[in-house]
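Welcome! Please keep the picture in view as you read.

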Amino acid sequence: MGDMIKRWTRGIMRRGGLPFSILFILIIIPQTTLLAQAPDTLWTKTYGGKGFDEGSSVQQTSDGGYIIAGCTGSFAGRWLDVYLVRTDANGNALWTKTYGGKDIDGGSSVQQTSDGGYIIAGYTESFGAGGQDVYLIRTDANGNALWTKTYGGKDNDGGSSVQQTSDGGYIIAGCTGSFGAGG
């Protein structure tokens with residue numbers, strides 16, 4: 001059945017039907033997982049307040065807990081701010097932090113750094129060159145900001161993923177409307 005799906009989706013993509021092929025895959029996957037026994041849920045937790053709050057990235061930390069990055073309207077200065085939640089292994093919040101300014105800011109990716117701190121990549125309209133820019137936040141192990149950087153131009157840019165490199169630096173992937181063939 002897997003080969004049949006691959007041939008079918010290749011044919012759809014050649015005809016320019018990418019959205020339909022993605023929809024088809026999303027429909028097939030749940031049907032095949034229904035045949036297997038559903039996993040047990042160990043726990044579920046929610047974080048946030050009465051406003052809009054969203055998690056975009058979660059990683060397990062070195063001590064078995066979790067770090068979650070996203071955005072919050074519940075605890076923001078005005079619109080949305082980057083939201084960082086640190087939990088223990090059972091999902092109990094140990095601390096939460098927000099970062100940002102007067103406009104819309106959000107976190108898209110978080111990683112624990114080699115020294116136990118965190119690096120967050122996302123987007124900011126509060127700081128930078130204009131429009132929306134890549135927002136990089138480096139924190140200590142308690143979520144206190146050590147430094148922030150913005151990257152981008154006059155149009156919209158944003159960071160989607162961040163990783164620490166072997167030399168201690170950081171690499172960011174994202175999108176740009178400011179540079180390249182269209183910028």
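## A covered strand and its partners

In strand β7 (residues 133–139), 7 of its 7 residues are buried, so this strand is mostly covered. Buried here means under 20% relative accessible area, while exposed means over 50% and partly exposed is in between, using a 1.4 Å probe and protein chains only. Strands (E, at least two residues) and helices (H or I, at least four residues) are DSSP runs, numbered from the N terminus.

The model is predicted: local features need pLDDT of at least 70, side-chain atom pairs count only at pLDDT 80 or more, and totals for chains, interfaces and linings use all residues. Residues are numbered from 1 along each chain as its sequence is written, and side-chain values use heavy atoms, with hydrogens and water left out.

Which strands pair with β7? Strand β6 (residues 118–124) pairs with β7 in the antiparallel sense over 7 bridges, and β7 also pairs antiparallel with strand β8 (residues 145–151), over 6 bridges. Two strands count as paired if DSSP finds at least two bridges between them. V134 in β7 can be followed in both directions: Y123 stands opposite V134, and in β8 the bridge partner of V134 is Y151. β7 and β8 form a hairpin with 5 residues between them. In the turn of that hairpin, G143 has a positive phi of about 85°.

## The chain as a whole

Stepping back, the chain has 2 helices and 10 strands. Along the sequence they follow the pattern α-α-β-β-β-β-β-β-β-β-β-β. Of the 183 residues in the chain, 33% are buried. The accessible surface comes to about 11000 Å², and 55% of that belongs to carbon and sulfur atoms; such areas come from the Shrake-Rupley method with a 1.4 Å probe. Among contacts in the chain with a separation of 6 or more, 34% are between residues 24 or more positions apart. Contact means heavy atoms within 4.5 Å.

## A sheet of four strands

Another part to look at is an open sheet of 4 strands, in the order β1-β2-β3-β4, with antiparallel pairing. Its edge strands, β1 (53–60) and β4 (93–99), each pair on one side only. From one strand to the next the twist averages 20°; the angles are taken between N-to-C directions, from 0 to 180 degrees, with axes as lines fitted to C-alpha atoms. Inside the sheet, strand β2 (residues 66–72) and strand β3 (residues 81–87) pair in the antiparallel sense over 7 bridges.

## Two threonines

T72 lies in strand β2, and its bridge partner in β3 is D81. Is T72 buried or exposed? T72 has a relative accessible area of 0%, so it counts as buried. Leaving aside neighbours within four places in sequence, T72 is in contact with several residues, including F52, W79, V82 and T98.

T61 sits in the loop between β1 and β2. With 5% relative accessibility, T61 is buried too. Beyond residues up to four places away in sequence, T61 touches Y66, I67, R86, Q112 and Y118. T61 and A89 are 28 residues apart in sequence and 9.0 Å apart in space, C-alpha to C-alpha.

| Side chain | Partner | Distance |
|---|---|---|
| T61 | R86, side chain | 3.4 Å |

## Aromatic pairs

How many aromatic pairs does a search of the whole structure find? The search finds 5. The rings of W43 and Y66 have centres 6.0 Å apart and planes at 65°, so this pair is edge-to-face. Rings of Phe, Tyr and Trp (its six-membered ring) pair if their centres lie within 6.5 Å; planes under 30 degrees apart count as stacked, over 60 as edge-to-face and the rest as tilted. W43 lies in the loop between α2 (18–33) and β1, and Y66 in strand β2, so the pair ties together parts 23 residues apart in sequence. W43 is partly exposed, at 33% relative accessibility, and Y66 is partly exposed at 24%.

W95 and Y118 form an edge-to-face pair, 6.2 Å centre to centre with 65° between the planes. This pair links W95 in strand β4 to Y118 in strand β6, 23 residues apart. W95 counts as buried at 17% relative accessibility, and Y118 counts as buried at 1%.

Definitions and conventions:
Polar contact = N/O pair within 3.5 Å; in protein donor to acceptor, adjacent residues only side chain to side chain.
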